[in-house]
Amino acid sequence: GPLSARPLMEVRLGELHTWISTCNFSPQGLLGAAQRAFSSYCAKYIHVKQGGPAGISMLLAGYCLLSYGWNYQHFSKNSLDSLI
């Protein structure tokens, strides 16, 4: 397609200056670019059609790390008491 319709990640390094010159830097153009970026982010990370074990395992791993961080002083105090 035309160079102006391509996303940034599909633009080659030699075409970058031409691609930037086709961008609309008006407030309305910047707002439209921000809206497209946000909807692209939501489509990729928020509105996921297929779930799998990776999402649940990341959630559980995050909970374990957070729980360990909350109880770190309790754990370290008990380990020092058992050494003495």
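Modeller: A salt bridge here is a side-chain nitrogen of Lys or Arg within 4 Å of a carboxyl oxygen of Asp or Glu. Keep in mind that this is a predicted model.

Colleague: How many salt bridges does that rule give?

Modeller: Side chains of opposite charge can pair when their charged atoms come close. Glutamate 15 and arginine 6 do pair, with their closest N and O atoms 2.8 Å apart. By the rule, the count is one salt bridge.

Colleague: Is glutamate 15 buried, partly exposed or exposed?

Modeller: Buried means under 20% relative accessible area, and exposed means over 50%. Glutamate 15 has 25% relative accessibility, so it falls in between. Its partner in the salt bridge, arginine 6, has a relative accessible area of 25% and is partly exposed. For glutamate 15 the class is also partly exposed.

Colleague: What is the pattern of the protein chain along the sequence?

Modeller: The protein chain has zero strands. Its helices number four. Read along the sequence, that gives α-α-α-α.

Colleague: What share of the 84 residues in the protein chain is buried?

Modeller: Take leucine 3, in the segment before α1 (16-21). Leucine 3 has 19% relative accessibility, so it counts as buried under the 20% cut-off. Across the protein chain, buried residues make up 7%.

Colleague: How far apart are the C-alpha atoms of leucine 3 and tryptophan 19?

Modeller: Along the chain, these two are 16 residues apart.

Colleague: Which helix gives the most to the lining of the largest pocket?

Modeller: The largest pocket has a volume of about 500 Å³. Its lining has 17 residues, and the closest to its centre are Arg6, Pro7, Trp19, Ala33 and Arg36. The lining divides into nine nonpolar, five polar and three charged residues. With seven residues, the top contributor is helix α2 (residues 27-46).

Colleague: Which residues make the nonpolar surface patch of about 490 Å²?

Modeller: A patch takes residues with over 30% relative accessible area. Isoleucine 46, in helix α2, has 52%, so it clears that cut-off and counts as exposed. The patch is made by Phe38, Tyr41, Tyr45 and Ile46.

Colleague: What percentage of the accessible surface of the protein chain belongs to carbon and sulfur atoms?

Modeller: Start from the total. The accessible surface of the protein chain comes to about 7700 Å². The part that belongs to carbon and sulfur atoms is 66%.

Technical notes:
Residues are numbered from 1 along each chain as its sequence is written. This is a predicted model: local features need pLDDT of at least 70, side-chain atom pairs count only at pLDDT 80 or more; totals for chains, interfaces and linings use all residues. Side-chain values use heavy atoms; hydrogens and water are left out. On a 1 Å grid over the protein atoms alone, a cavity is a set of points where a 1.4 Å probe fits but cannot get out, and a pocket is an open set with protein on both sides within 12 Å along at least five of seven lines; lining residues have an atom within 4 Å of a point. Grid points are joined across faces, edges and corners, and a volume is the space filled by probe spheres set on the points. Helices (H or I, at least four residues) and strands (E, at least two) are DSSP runs, numbered from the N terminus. Ala, Val, Leu, Ile, Met, Phe, Trp, Tyr, Cys and Pro count as nonpolar, Asp, Glu, Lys and Arg as charged, and the others, Gly among them, as polar. Patches are made of residues with over 30% relative accessible area and no salt bridge: like charges are joined within 9 Å, nonpolar side chains (Val, Leu, Ile, Met, Phe, Trp, Tyr) within 5 Å. Accessible areas come from the Shrake-Rupley method with a 1.4 Å probe; for residues, only the protein chains shown count as cover. Buried means under 20% relative accessible area, exposed over 50%, partly exposed in between (1.4 Å probe, protein chains only).
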